Number of protein chains: 2
Amino acid sequence: MSALTEMGKRAKEAAVVLATLPSPRKNKALLASADALLAAEKEILAANAADVAAAEAAGVKGAFIDRLTLTVKRLAEMADGLRQVAALDDPVGEMLSMKTLDNGLIIGQKRVPMGVIGIIFEARPNVAADAFGLCLKAGSAAILRGGKEAFGTNQAVVAALRGALAAEGLPEDCVQMVPDISRETANEMMRLNGYLDVLIPRGGAGLIRSVVENSTVPVIQTGVGNCHIYVDESADLEKAVRIVLNAKTQRPGVCNACESLLVHEAVAEKFLPAVGAALREKKVEIRGDEQTLALIQDAVPATEEDWATEYEDLILSARVVRDFDEAAAHIRRYSTGHSEAIITENYTNAQRFLNEVDAAAVYVNASTRFTDGGQFGFGAEIGISTQKLHARGPMGLKEMTTTKYIIYGSGQIRE
Amino acid sequence: MSALTEMGKRAKEAAVVLATLPSPRKNKALLASADALLAAEKEILAANAADVAAAEAAGVKGAFIDRLTLTVKRLAEMADGLRQVAALDDPVGEMLSMKTLDNGLIIGQKRVPMGVIGIIFEARPNVAADAFGLCLKAGSAAILRGGKEAFGTNQAVVAALRGALAAEGLPEDCVQMVPDISRETANEMMRLNGYLDVLIPRGGAGLIRSVVENSTVPVIQTGVGNCHIYVDESADLEKAVRIVLNAKTQRPGVCNACESLLVHEAVAEKFLPAVGAALREKKVEIRGDEQTLALIQDAVPATEEDWATEYEDLILSARVVRDFDEAAAHIRRYSTGHSEAIITENYTNAQRFLNEVDAAAVYVNASTRFTDGGQFGFGAEIGISTQKLHARGPMGLKEMTTTKYIIYGSGQIRE
């Protein structure tokens, strides 16, 4: 039996305990885990400093180092995250429906834990604690595989969490970390059918593609967002400028930021210079089609590749369209199905956009930046699903559970 | 662009039309499709006769030939199936929730079509019409890949369905069949990401394993059922005999039939001879552990393999257990997570079984044969999911849809 199969076996055993654990016990364990992270501050920060030094020595650059680096404040935020999850409603046990059939069978659909959840993630060490907290609250054991640069940090974090679990009388194996960060181990994890019930990749497009390509375990695809804002003929242009500016610049590095702007030709002459000026102030580079170039002087020409690119940066592609249908067709072609918005005062176009655009979240007159578990009121999220199976859009605790049918009989047989 | 990519592209275009098609139009198309099947009776039965003759010439045996064979009656049942789907409630458009956030955003979760659904199935030609009907009603285009033995039959069926769609003014490509039944085409279909939103295999364990192993498109795993009945110490033994007999023999070839019997040692001496006699009358072979062999004279010894086998035949494995915990551990080890039942008059054990046994459907005092979309009141089913993502248990029209968030704003931006 391989090391990973052993881990899978132990995770399944822990999951049996978690499956029927009352909420107060889970919440107490989450609070104890938060305390344990703070108590292990010295070890965790030392391990992190070593990881950061090694990454810098290997020539890794700025933004990556920032994501990798833990500080006293960031560690405190990780602990706070666990306390917030403790305060959320427990999704497990909810009865989604219950009815009595003609033959007297009483059949209910009940929300139950998933079992064992695998998380593959990249540099941010906070994901280890966040994912553990959400999995535990949802009644599932977690197997974690973080980025190689944060291996030491993740080990220190997981050691603290396991210590807290043991002190609470719970199986340490409610959270486990893969023993190494080799590609072989990652591949084995992606094929751990029978042990892993679901695999959730958290990270960039490359990681997600690799997991989707290689996994035989069911995957929930998260993240990639080539989000559009379409400014309709009837848009309130002041609103439109404010929303585009917010969706592009409030936090450009995230998946719900706007990457592409479509403008109805009837308002292009008025709108594009205005939004261009506002974006210039925020140092946004605009890559436009010919009509855009004529109206925004410092814009540069867009290539076919631009329409399909999630920049996650202060860059915006922009195009003038003939009408609603051309905007819808452009979105249909280039959208990654994350978040799409229309700015319009036209009732019919608003309704058409909501009905016809195929994405996890479709907006009228609001910034795409709202697609977020916290903003949607879920309290916390494990990611934003851009696929259609199981969960679509922000995934909170409910989306980390499954259901089962429970049937109360009194001797019924099938005729 | 390969033939399959072309099909995927056309299916996506058809799906755009289907996504916003009103229910009455879908229902009218389903009724027209039913009529078209009957109108094409001569062509379909001729194609089927040729398929059957070819299969027989290739040495294919009895039960398979029976599944492959269409008759006037079976064709009429296929048409009736489409009419029944027309009569079901349309799942599309249901609002699962709607709320106003503090910032005034109104956010709703709406049930919407999946898009394009792939179905890979084996010999039964009725699956082509059934799957088409459910997909259409759920607002999705279907790409079908049937068994090679039924290729001509499926072509004739799909031709009739496409004719009906065209006559109704709908895209023919709401249903398409792969152009050949080569392994290459099947493999390409399993990797048609970007075109296929979900792939549902319908058939035996081998087919399902192959799809899970090879598909990068999200898969819903259906079917395999190694279902147990545990007869508890406090069971009403008369009820228990009746239920075991029903679950094993009412239709032994299906996934919700009972395959394995666990008996509490305190009632084994009384129960096993009684159930043994009843099963013998129905010509059921019993493969038992030592204690079972001592109590049922014509039982044969069970091997380790028996405990893990879904016979789909008149064979039952049987084992005496010390207590509830040993029964639960046995089920945990060998269950495929389909349907599991306890026969008991003990309240606590009934509740424990429902809580602790991890399966799509868990029963107290009823036959496992009820796990079925029709029995559960879903009207029709595309299969029974034995995995935990998206759908678990019988999958009706609702489970063939996804959701999206629609957000009505009035200029909101994120701070």
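Just after helix 7 of chain B, B:Gly169 adopts a positive phi of about 75°. Helices (H or I, at least four residues) and strands (E, at least two) are DSSP runs, numbered from the N terminus. This is a predicted model, in which local features need pLDDT of at least 70, side-chain atom pairs count only at pLDDT 80 or more, and totals for chains, interfaces and linings use all residues. Residues are numbered from 1 along each chain as its sequence is written, while chains are lettered from A and ligands numbered from 1 in the order in which they are written.

**Helix 7 in both chains**

- Helix 7 of chain B covers residues 151–167. Its 17 residues should span 24 Å at 1.5 Å a residue, and its end C-alpha atoms are 24 Å apart, which agrees. The expected span is 1.5 Å times one less than the number of residues.
- The buried residues of helix 7 of chain B are B:Thr153, B:Asn154, B:Ala156, B:Val157, B:Val158, B:Ala160, B:Leu161, B:Arg162, B:Ala164 and B:Leu165. Buried means 20 or more other C-beta atoms within 10 Å of the residue's own, exposed means 12 or fewer, and partly exposed lies in between; C-beta atoms are placed from the backbone.
- An α-helix has 3.6 residues a turn, so residues three or four places apart point the same way.
- The cover over these buried residues of chain B includes helix 2 (23–39), helix 3 (41–57), helix 6, strand 4 (141–145) and strand 5 (175–177).
- In chain A, helix 7 (residues 151–167) has 17 residues and reaches 24 Å from its first C-alpha to its last.
- Among the buried residues of helix 7 of chain A are A:Thr153, A:Asn154, A:Arg162 and A:Leu165. Their cover includes helix 6 (126–137) and strand 4 (141–145) of chain A.

**Helix 5 and helix 6 of chain B**

- Helix 5 (residues 72–87) and helix 6 (residues 126–137) of chain B pack at about 10°, with axes 9 Å apart. Axes are lines fitted to C-alpha atoms, for helices over the stretch in contact, and angles run from 0 to 180 degrees between N-to-C directions.
- The two helices of chain B are therefore roughly parallel. Angles under 35 degrees count as roughly parallel, over 145 as roughly antiparallel, 65 to 115 as roughly perpendicular and the rest as oblique.
- From helix 5 of chain B, B:Arg74, B:Met78, B:Gly81, B:Leu82 and B:Val85 meet residues of helix 6 of chain B, including B:Asn126, B:Asp130 and B:Lys137. Contact means C-beta atoms, placed from the backbone, within 7 Å.
- By class, this contact has five nonpolar, three polar and three charged residues. Ala, Val, Leu, Ile, Met, Phe, Trp, Tyr, Cys and Pro count as nonpolar, Asp, Glu, Lys and Arg as charged, and the others, Gly among them, as polar.
- B:Leu75 sits in helix 5 of chain B. With 21 C-beta neighbours inside 10 Å, B:Leu75 is buried.
- B:Leu75 touches B:Leu37, B:Glu41, B:Ile44, B:Leu45 and B:Leu70, leaving aside residues up to four places away in sequence.

- The contact takes 53 residues from chain A and 53 residues from chain B.
- Strand 16 of chain A gives the largest share of the side that touches chain B, eleven residues.
- By class, that side of chain A has 24 nonpolar, 18 polar and eleven charged residues.

- Most residues other than glycine have a negative phi.
- B:His390 has a positive phi of about 75° although it is not a glycine. B:His390 lies in the loop between strand 14 (383–385) and strand 15 of chain B. B:His390 is buried, with 23 other C-beta atoms within 10 Å.
- A:Lys283 has a positive phi of about 65°. A:Lys283 is exposed, with 8 other C-beta atoms within 10 Å.

Definitions and conventions. Two residues are in contact if their C-beta atoms, placed from the backbone, lie within 7 Å.
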